[in-house]
Amino acid sequence: MIQDFKNKDVIIIGAGAAGLGVAVALKRMDINFVILEKEEVGASFKKWPEETQFISPSFTGNFFKMPDLNAITPETSPAFNLLTEHPTGDEYQAYLKGVSEHYKLNIATGVTLKSVQKKKGIFIVHTNKGDYHCQFLIWAAGEYQYPDRNTFKGADLCTHYSEISSFKDIKTEDRIVIGSYESGCDAAINLCKEGTKVTLLDSTNNFELINSDSSYSLSPFTRDRLNEEDVYFDYQPESGVKEVRFEKGQYYVETVTNKQFNSPYKPINCTGFKSSLSLVESLFENYDGYPLLNNFDESTKTKNLFLVGPQVKHGNALFCFIYKYRQRFAIVSERIAVRKKIDRSVVKSVINDYKENNFYIKNLSCCDDECIC
Ligand SMILES: Cc1cc2nc3c(=O)[nH]c(=O)nc-3n(C[C@H](O)[C@H](O)[C@H](O)COP(=O)(O)OP(=O)(O)OC[C@H]3O[C@@H](n4cnc5c(N)ncnc54)[C@H](O)[C@@H]3O)c2cc1C
């Protein structure tokens with residue numbers, strides 16, 4: 001067993017929903033770990049625009065084995081803690097802080113991972129606070145803090161959604177919003193409520209897309225908000241952006257269908273995120289922009305390196321929502337426990353609990369869907 005302040009059996013990178021969720025499963029299996037977090041618990045949620053709320057609803061169904069959709073452990077519920085159905089980022093961060101305190105998770109904050117090497121079966125994690133060592137590394141550093149500023153020519157001229165602290169701060173006479181999935185709609189709706197005249201550019205015709213899986217089409221929460229009295233904007237389907245230019249005090253947005261829009265105010269880019277995985281690219285094989293993983297969410301290239309969170313993808317099944325990727329916390333922990341030869345009865349009892357609470361999907365044939373957040 002590797003044990004001292006900087007040497008652990010397991011190191012988890014990131015204290016967001018994914019890192020904390022897998023940490024609780026490890027703790028229950030008596031596996032020692034440290035979470036390295038560059039800022040504070042739930043930092044990404046704190047960075048959300050003040051007005052942004054969860055689209056997936058919270059409801060305390062835990063006692064009937066239907067845990068709150070936004071819970072990261074079978075026995076906790078954001079609805080119960082926060083007394084709201086669609087928490088804001090600040091509220092959800094409070095839930096995550098509560099979880100980390102309740103389970104007494106070992107978290108080192110202010111530690112930023114710079115790079116990782118593997119030598120003789122041990123990961124050497126280079127950070128701003130020196131090197132840490134571990135046998136197993138779990139990547140949970142998320143996406144939100146790694147915006148994609150390269151989705152079209154001139155994207156760097158725009159304000160990325162992740163840079164907005166509050167829509168009140170960016171209310172102007174008019175705004176062009178690029179991207180019509182959840183974050184684009186969130187920006188458009190909130191700007192309308194601030195009295196801004198919005199043009200929303202959609203590369204497809206997303207508002208018409210209805211799919212049985214909520215990951216494919218806009219959530220009911222967003223559709224309800226789009227129908228609100230004070231939400232009205234110029235929606236432009238089939239208007240994927242080719243280029244943004246800034247000339248003589250105006251931002252010109254040109255689409256692949258040769259339409260042109262202009263505004264004196266920076267367009268809002270809501271076309272998505274890169275991934276923190278860019279920091280450890282060489283340790284994963286890639287397929288179609290996603291890391292290749294085995295059945296235990298372990299890198300197919302680097303043994304004992306696991307991935308948890310919204311970047312986990314198997315076939316067409318993308319685990320981008322909390323209620324999806326939490327299904328894999330116990331799978332990763334179980335694999336580490338087996339390799340560490342942890343007492344089987346302890347592991348079995350934890351796995352049974354996760355299974356009974358619908359927190360454990362091993363057979364992936366059931367979840368053949370795509371995601372749009
Ligand atoms: C606007 C918006 C609305 C959403 N709504 C929903 C919803 O309703 N329901 C839902 O299920 N999901 C929703 N999501 C998705 C959800 O927020 C993400 O799936 C979730 O935040 C991912 O959790 P994570 O732990 O993987 O990443 P994060 O929450 O980003 O956590 C990663 C952590 O790693 C830390 N970190 C990053 N890099 C390093 C480093 N180099 N060294 C050390 N630490 C590092 C960060 O500080 C952060 O604390 C939404 C996302 C957005 C953007």
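By class, the shell around the ligand consists of 23 nonpolar, eight polar and two charged residues, in a model that is predicted. The ligand is surrounded by 33 residues, and the closest of these are Glu37, Ser44, Ile55, Ser56 and Tyr146. At least two shell residues come from each of helix H1 (17-28), strand E3 (33-37), helix H2 (43-47) and helix H7 (322-325), and H2 makes the largest contribution to the shell around the ligand, with three residues.

| Protein residue and atom | Ligand atom | Distance |
|---|---|---|
| Lys38, backbone N or O atom | nitrogen | 3.2 Å |
| Tyr146, polar side-chain atom | nitrogen | 2.6 Å |
| Tyr325, side-chain N or O atom | oxygen | 3.1 Å |

Taken alone, the ligand exposes 990 Å², of which the protein buries 94%. Tyr146, whose polar side-chain atom lies 2.6 Å from a ligand nitrogen atom, is also one of the closest residues around the ligand.

The second largest pocket holds about 210 Å³ of space and is lined by 14 residues, with Glu75, Thr76, Ser77, Phe80 and Asn81 lying nearest its centre. Helix H3 (78-82) and helix H4 (89-102) are the elements that give two or more residues to this lining, and H4 gives the most, with four residues. By class, the lining of the second largest pocket divides into six nonpolar, seven polar and one charged, whereas the shell around the ligand has 23 nonpolar, eight polar and two charged residues.

Conventions: Residues numbered from 1 in each chain as written. Predicted model: local features only at pLDDT ≥ 70, side-chain atom pairs only at ≥ 80, totals over all residues. Heavy atoms only, no water. Near = heavy atom within 4 Å. Polar contact = N/O pair within 3.5 Å; in protein donor to acceptor, adjacent residues only side chain to side chain. Areas by Shrake-Rupley, 256 points an atom, 1.4 Å probe, with all protein chains shown as cover. Nonpolar A, V, L, I, M, F, W, Y, C, P; charged D, E, K, R; others polar. 1 Å grid on protein atoms, 1.4 Å probe; cavity = no way out; pocket = protein on both sides within 12 Å on 5 of 7 lines; lining within 4 Å. Points joined across faces, edges and corners; volume = space filled by probe spheres on them.
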